[in-house]
Amino acid sequence: MQKHYLLTPGPTPVPENVLLEMAKPIIHHRTPQFMAILKEATDGLKYILQTKNDVFLFTSSGTGAMESAVTNLLSREDKAVVVRGGKFGERFSEICQAYGVNAINLDVEWGNAVAPDRIEDLLAKDKAIKAVYVTLCETSTAVVNDIKAIGEVVSKTPAVLVVDVISGLGSVEFKTDEWNVDIAVGGSQKGLMIPPGLAFVSVSKKALAVAETSKLPKFYFSYKAAKKASDKNDTPWTPAVTLVIGLVEAIKMIRQETIEGAIIRQRKMAQAIRAAALAIGLELYAPKAASDAVTAISIPSNIDGSKLVKTMRDVYGVGIAGGQAELKGRIIRIASMGFMSQWDIIVAISCLEMTLKQMGHDLVLGSGVKAAEEVFGG
């Protein structure tokens, strides 16, 4: 018998009370009962996003909502700045390319945050730029970007700011309205603690006005259709009823802890992971812009990072993530988002120590756990 621990940056553990709510008999979505549930869900998302803007839900992965933020805002040959500092920044660029949008790719060395003045320079040089796409937390590199500073830059221009908050929402500080974010793109399977399959966007009045001139094809992800239904506490298409019910239960947990309390808890877990990594002789991959939602740790050249992840998962039942693309086998990623506590982190660090030791890494067993405990006990 083996107990499993999940510390991947999505999906994340789903609380038992959320699972139990989703296990109840399903209800029809075109009823007053579900409309009340949907309103509670959207109101809760507004609380977490810290916005008064419209929030639209979609039955899709987060990528579907990312696509919606392109197709509803732009037309063919429109110009958009896309910050590419990892796999998910690159995804925005790929979506733009698929729809004939002229993506001005702002490449950032992986492991670093984008400098807001680079965005400012591009906007100053080309007044025709209609949108700026950036990630809050780049999951592939565990980097957090300074959205507040970027929002100040973009808000002074006609361009709209679109932020992928899928990995960061509920785990790191994010203030939609205060930071001048026009569209925030989110997903269900990370800090919001429910299974994959639900995506959402918050859309500002500025973004809705820009959307009026968009000529790209859209149907399922149409903001016009979503808003028409949302104004009646409804959805244009059949929603993921069970996931929406689960989301309401998860939001209740977040409200009870408060969004500020949840962020503090996850920040401390991330600090413990970083302290433990350094204590066992490892290096942080993104020390200057480390996210509190997920931590990327560089693996020594004599250790097979992919085998490390596989051994922890398949032999010991502790799931973490490896690197993607050029970072495959070179880093590991340990999440601290959503329904996790200090004890999950202690178990993960202990397993990491044991596995590294078996693979030939020179360390003193317990040193990483000790460093983590000191963070939690401080």
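Two strands count as paired when DSSP finds at least two bridges between them. With that in hand, let us walk through this structure, which is a predicted model.

Seven strands form an open sheet in the order S2-S10-S9-S8-S5-S3-S4, and the pairing is mixed. At the edges stand strand S2 (54-59) and strand S4 (102-107); each has a single partner strand, so one side of each is left without a neighbour in the sheet. On average, neighbouring strands of this sheet are turned by 20° against each other, direction ignored. Inside the sheet, four bridges join strand S3 (residues 79-84) to S5, and the two run parallel. Here Lys 79 stands opposite Ile 129 in S5. Helix H4 (residues 87-98) packs on the sheet and touches S3, S4, S5 and S8, with its direction at about 155° to that of S3.

Helix H6 (residues 147-154) is worth a look as well. It is mostly covered, with six of its eight residues buried. Those buried residues are Ile 147, Ala 149, Ile 150, Gly 151, Val 153 and Val 154. They pack against helix H5 (116-125), strand S5 (129-135), strand S8 (160-164) and H7.

What about the nonpolar interior? In soluble globular proteins, nonpolar side chains tend to be buried together. In this model the largest nonpolar core has 99 residues, and Ile 119 and Phe 174 are those with the most contacts inside it. Helix H9 supplies the largest share of this core, nine residues. Setting aside its neighbours within four places in sequence, Ile 119 is in contact with Val 83, Leu 106, Val 114, Val 132, Ile 150, Val 153 and Val 154. There is also a second, separate core of 32 residues, which includes Met 66, Tyr 99, Val 162 and Leu 216.

Finally, the aromatic rings. The structure holds eight aromatic pairs. Phe 221 is buried, at a relative accessible area of 16%, whereas Tyr 220 is partly exposed at 29%. Tyr 220 also pairs with Trp 237: their ring centres are 6.4 Å apart and their planes lie at 20°, so this pair is stacked. The pair links distant parts of the chain, 17 residues apart: Tyr 220 sits in the loop between helix H7 (205-211) and helix H8 (223-230), and Trp 237 in the loop between H8 and helix H9 (241-257). Trp 237 is partly exposed, with 28% relative accessibility. Phe 56, Phe 58, Phe 219, Tyr 220, Phe 221, Tyr 223 and Trp 237 form one aromatic cluster. Elsewhere, Arg 255 lies over the face of Tyr 47, at 4.7 Å from the ring centre.

Conventions
Residues numbered from 1 in each chain as written. Predicted model: local features only at pLDDT ≥ 70, side-chain atom pairs only at ≥ 80, totals over all residues. Heavy atoms only, no water. Phe/Tyr/Trp six-rings, centres within 6.5 Å; stacked < 30°, edge-to-face > 60°. Buried < 20%, exposed > 50% of the residue type's maximum accessible area, 1.4 Å probe, protein only. Lys NZ or Arg CZ within 6 Å of the ring centre and 35° of its normal. Core = buried A, V, L, I, M, F, W, Y, C linked by side-chain atoms within 4.5 Å. Contact = heavy atoms within 4.5 Å. Axes fitted to C-alpha atoms, helices over the stretch in contact; angles between N-to-C directions.
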